[in-house]
Amino acid sequence: MKNISDIKNRYYKSYNDILPNLPGLGLDWMKRLRDDAIKQFHQDGFPDKSVEEWNVNSFKGLTDTFYMTQQEDSYEIDYPSIEKKDAECLVRVIFHNGKIISIDHDELPKGVQVNSLKFFIKNNSDFLKEKIKPANEYSEARLSNIIDSRPQSIVALNAAFHEDGAIIHIDKNIEVPGYIELMHIGDYSENSMKHIRSVIFLDKGSKCEVIENIQGHKNNNTVFTSDVTDIHLSQGSSLSYNRFIRGNSKNIHVNNVHAQLDKGSEFICNSLINCDGQARNEVRINLLGEHAISNVNVLMMGKNKSLHETLTKVKHATKNTKSVQVIRTILDENSRGSFQGKIRVEEGADGTLAEMSGKSLLLSDQARVNAKPELEILADDVKCSHGVTVGTLSKEQLFYLQSRGIPEHEARKLLINSFSNTIISNFSNILIKRAENFILENYNEND
Amino acid sequence: MTIALEIKDLHVEVSNKKILKGLSLNIEHGEMAAIMGPNGAGKSTLASVLAGKEGYNVVSGSVKYLGKNLLDMPTDERAAAGVFLAFQYPVEIPGVATSTFVRTALNAQRRHRGEVELDAIEFLKLARARAKELEMSEDFFKREVNVGFSGGEKKRAEVFQMSMLSPILAILDETDSGLDIDALKIVAEGVNKLRSDKLCGIVITHYQRLLEYLKPDTIHILADGKIVKTGDKSLALVLEEKGYQGIIEAA
C-alpha cells in the first residue's frame, strides 16, 4: 500500500500539469477557486477514520491510489446503444467520461436554460461565480455552527479538478414542461478519476424535475467519480431531484449534494443506488426560509462485496420548516452499508417538524450495516422523530406465504419487494418507472 | 366415502418438549371434524405440523394425505396439493396488496399442478365473485395483507383466501378466537358455503359456539397430545356440561 501522504502530494504536484486542460482559467475567480481548493486538499488530504463522517467503512482504492483525469477528448461513442430520449423528457444531457458530449432537446421554453459548465463560463460567468462557492466554504461549519468541524476534502479535490458539469437555470415562475435528464456513461481505457460540478438554480416560483441517470462504466478499470451538485431553490420554487446510481465493481462514486432552500421552497431528493463497487451519497440541506420543506428518500441495494453509504445533514435554520428523510437499505451476500443522518435545529427555529427513518434488510449472514441517527435540537418548540431498524426476512411472513403455495424463492422476492415498495412509493414517477423494471431485473437473477 | 387424511401414532416435539404423543385420526372426504381440547393439549401444534411449519420435530408416526406422505412435502407443495391452514393469527405483510398476494399464491399453485395461470382480468373476475359470495367489499383487494385489519376482517380474509384457493383439506386453527358473535356467524357461513363432497375440514376450537354454526360431522377431544374421545356433535353438548376434565377422566 502506498503512503497516503504520498498520494496527496501526487495530486498536488499533478495539478499544475492538468490545469491547462481545465475550463475557466480565463476567469480570475475560477482560477483562484481551483488554486485555493488544491491547497486545501493538500492540507487536509482524504478523510481518514478520525473523521466521524468517514469512520464506518473504508473505501478501497480511494485514499491509497493516485488517479489521473483522462485527457483524450474525442472518444468513439457507440451512439446506437443509447436509447432515444423519451417524449416526456425535455432535455437530455449526456456525459461521457465526465464530459458533456451531447445536449439533446426539443425547443426550449423561454426561461429554461440547460447547458454545460463550459458554456456558462463563456456566456454567464457571473451566475457561476455566485453559485460555486470556494471549497473552504464546504465545510461542516456551513451546516452546523461547530467551529472545529472539518471541511469536505473530496469537495475540495472536485473544486480543483472539475472538468465539466451541467448547469440548470430556471427563470421566475417557469414550470418546466417535461423532465431534464442528466445521463452519465463511461468507457475508460485506464484507471481514472473524473470530477463533475453541477448547479441547479430555480428562481422564485419555478418548478422543475431532474433525473440523473448514472450508469456503470463499460471497461473494468477503476474509476473514481466525484459529483458535486449545488442546488439553490428561491422563494416558492420546487425541485424534484432524482438519481439512479449504478456502477460496476471497480467504480467508486462519491456524490455530494448541497441544497439551500429559501422561503416556501420545496426540495424532493430521491435516490436509488445500486452499485457493485463503492458508492457514497452525501446530501446536505439548509432550510433557510420559513415554510421550506425537504423530502429525502434513499434506497440502497447492495450485493457481492459492494459498499453503500448515505450521509444526510439537514439543518433547520429558521422557524416553521419541515424535513422528512426515509432511508432503506437492502444488503445481500458480503455487501456493506451505512446510514448516518443528522438533523440540526437551530436556536429559535421553533415550529420545526423533522422526521428521519432508516430501515435495513439483511438478506445474508455476511452482510453488515451501520446506522447512526442524530438529533441536535437547540430550539424549544419542535417535533422531531427518528427511528432506525435492522432486520432480516421474517420467518412468520415467509411461512404464511409458503402455506398459500408460494415457493420460498418467490416468497422472499415478494417480501424484498414489499420492503422496497414502501420507499419506491415515495419516489416520483420518472424514477419509479426505472426502479420497477430494475428491481424485477435485479431479483429475478436469483431465481 | 374415502379417507383423505390418515394420521397414525404421531409423536411431535417442539424444542425437545413432547407435544403430540401418539395422535391418530382419520378424516374422510366431505367430513368436517372438530378438534376440541384444553389449552396446551397440542391443537395448534397439529395444525402447524400438517401445514409444514419449521421447528416441529416429527419423532415418529405417519401422515398420509391423498395416499401420499404429507410430511415429505415442502409447505408450498402441500398447499398446491390442496392443504389450507387458516391461521389463528393471520400474518401482516406490509407493502403487498391482498390481491397481489392471493394471485401470486393461486398462480403458483396452478403452475405447480401444471395448470394455466390466470391473467389479471380472469383473476379479478374470480376474486370479485368470491368476495361477493362472502359479502366482502372489494376495497380490501388493494389493502396491504392483513395490515390494519380488524380481528373479524382478518378471519374473513382467511376465508376469502380459502375460497380462492379451493383446498381439499382445510384446517381452521381457532378461527373463532377474537371474533364477536356477528363476525363468527359470517365466518362460519363463509366456510359452510365452501363445503362439498370433496372438501374435508379440521376445525380447531375451544368453544361450542362455532360448532353450532359449522355443524361438524365428528368431534374429537384432544388432551395431552392424544385423541381421547371421538363422537358426533352431541359430544360437544356433553363437553359443555361436564367440561374437559370430566370427559378426560371418563375416557
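Analyst: Helices here are DSSP runs of H or I with at least four residues, strands are runs of E with at least two, and both are numbered from the N terminus. In those terms, Ser166(B) lies in the loop between H5 and strand S9 (169–173) of chain B. The model is a predicted one.

User: Is Ser166(B) buried or exposed?
Analyst: Phi of Ser166(B) is near 30 degrees, a positive value in a residue other than glycine. Exposed means over 50% relative accessible area. Ser166(B) has 54% relative accessibility, so Ser166(B) counts as exposed.

User: Is Asn146(B) buried or exposed?
Analyst: Asn146(B) sits in the loop between strand S8 (144–145) and H5 of chain B. Its phi is near 60 degrees, again a positive value in a residue other than glycine. The cut-off for buried is under 20% relative accessible area. With a relative accessible area of 1%, Asn146(B) is therefore buried.

User: How are helices H5(B) and H6(B) oriented to each other?
Analyst: The axes of H5 (residues 151–165) and H6 (residues 181–194) of chain B come within 10 Å and cross at roughly 5 degrees. Angles under 35 degrees count as roughly parallel. H5(B) is therefore roughly parallel to H6(B).

User: In chain A, how many residues of helix H5 are buried?
Analyst: H5(A) covers residues 153–161 and is mostly covered. Its buried residues, among them Ile154(A), Leu157(A) and Phe161(A), pack against helices H1 (4–18) and H2 (28–44) and strands S7 (192–202), S9 (223–233) and S11 (251–261) of chain A.

User: Which residues of chain A lose the most area to chain B?
Analyst: In the interface, 17 residues of chain A are in contact with 30 residues of chain B. The buried area is about 2000 Å², with carbon and sulfur atoms giving 66%. Together accounting for 41% of what the chain A side buries, the residues are Phe399(A), Tyr400(A) and Arg404(A).

User: How far apart are the closest N and O atoms of Glu410(A) and Arg111(B)?
Analyst: Three salt bridges are counted between chain A and chain B. The cut-off for a salt bridge is within 4 Å. Glu410(A) forms a salt bridge with Arg111(B), and the closest N and O atoms are apart by 2.7 Å.

Note on methods:
Residues numbered from 1 in each chain as written. Chains lettered and ligands numbered in written order. Predicted model: local features only at pLDDT ≥ 70, side-chain atom pairs only at ≥ 80, totals over all residues. Heavy atoms only, no water. Axes fitted to C-alpha atoms, helices over the stretch in contact; angles between N-to-C directions. Parallel < 35°, antiparallel > 145°, perpendicular 65-115°, else oblique. Buried < 20%, exposed > 50% of the residue type's maximum accessible area, 1.4 Å probe, protein only. Contact = heavy atoms within 4.5 Å. Buried area = accessible area lost by both parts, 1.4 Å probe. Salt bridge = Lys/Arg side-chain N within 4 Å of Asp/Glu carboxyl O.
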